Amino acid sequence: MKIMIINGPNLNLLGKREPDIYGNRSFDEFLQKLRHDFTQMEIDYYQSNIEGELIDKLQEVGFSYDGIVLNAGAYTHTSIALLDCIRSLTTPVVEVHISNVHAREEFRHKSMISSACLGVIAGFGLNSYKLAIEAVAG
């Protein structure tokens, strides 16, 4: 089984960025743990701060992978382009958020991409990614 994790803007700063919200652990460190926990899966990873590059990666893997775990960061709340892209894919996409977006600022309560995703997991810290992989694996 092949899973692609895609992180959007500012998630390259995990471990440094607002640790009271996002924790002190880098994503690279957590990715090693995920690969250790899911040895039966090939877990690939991509991060970009650029919306068009996220779309390019989704289109690249969205017809050949078994699942995509997407944390689109702030683009979650603004990007119709990501919504349209996800709708065009055959690979299921799970929307992930590290924090509980519904306990934060009002503008974070609305996701532009949720309706195109298999499901949404939010608020469990980095373990949100693990839960998303388990959901895709069935």
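Modeller: Buried means under 20% relative accessible area, exposed means over 50%, and partly exposed is in between, using a 1.4 Å probe and protein chains only. Histidine 97 has a relative accessible area of 6%, so it counts as buried. Bear in mind that this is a predicted model, where local features need pLDDT of at least 70, side-chain atom pairs count only at pLDDT 80 or more, and totals for chains, interfaces and linings use all residues. Residues are numbered from 1 along each chain as its sequence is written, and side-chain values use heavy atoms, with hydrogens and water left out.

Colleague: Which residues does UniProt list for "active site"?

Modeller: UniProt positions are in the numbering used here, feature names are shortened, and annotations may be inferred rather than shown by experiment. The unreviewed entry lists Tyr22 and His97 under "active site". They are spread over 76 residues of sequence yet cluster in space, with a largest C-alpha distance of 9.8 Å.

Colleague: Is tyrosine 22 buried or exposed?

Modeller: Tyrosine 22 is buried, because its relative accessibility is 9%. Contact means heavy atoms within 4.5 Å. Not counting residues up to four places away in sequence, tyrosine 22 touches Leu14, Arg17, Ile98 and Arg104.

Colleague: And what is histidine 97 in contact with, leaving aside neighbours within four places in sequence?

Modeller: Asn71, Thr76, Val120, Ile121, Ala122, Gly123 and Ser128. As for secondary structure, strands (E, at least two residues) and helices (H or I, at least four) are DSSP runs numbered from the N terminus. Histidine 97 lies in strand S4, residues 93-97, while tyrosine 22 lies in helix H1, residues 19-22.
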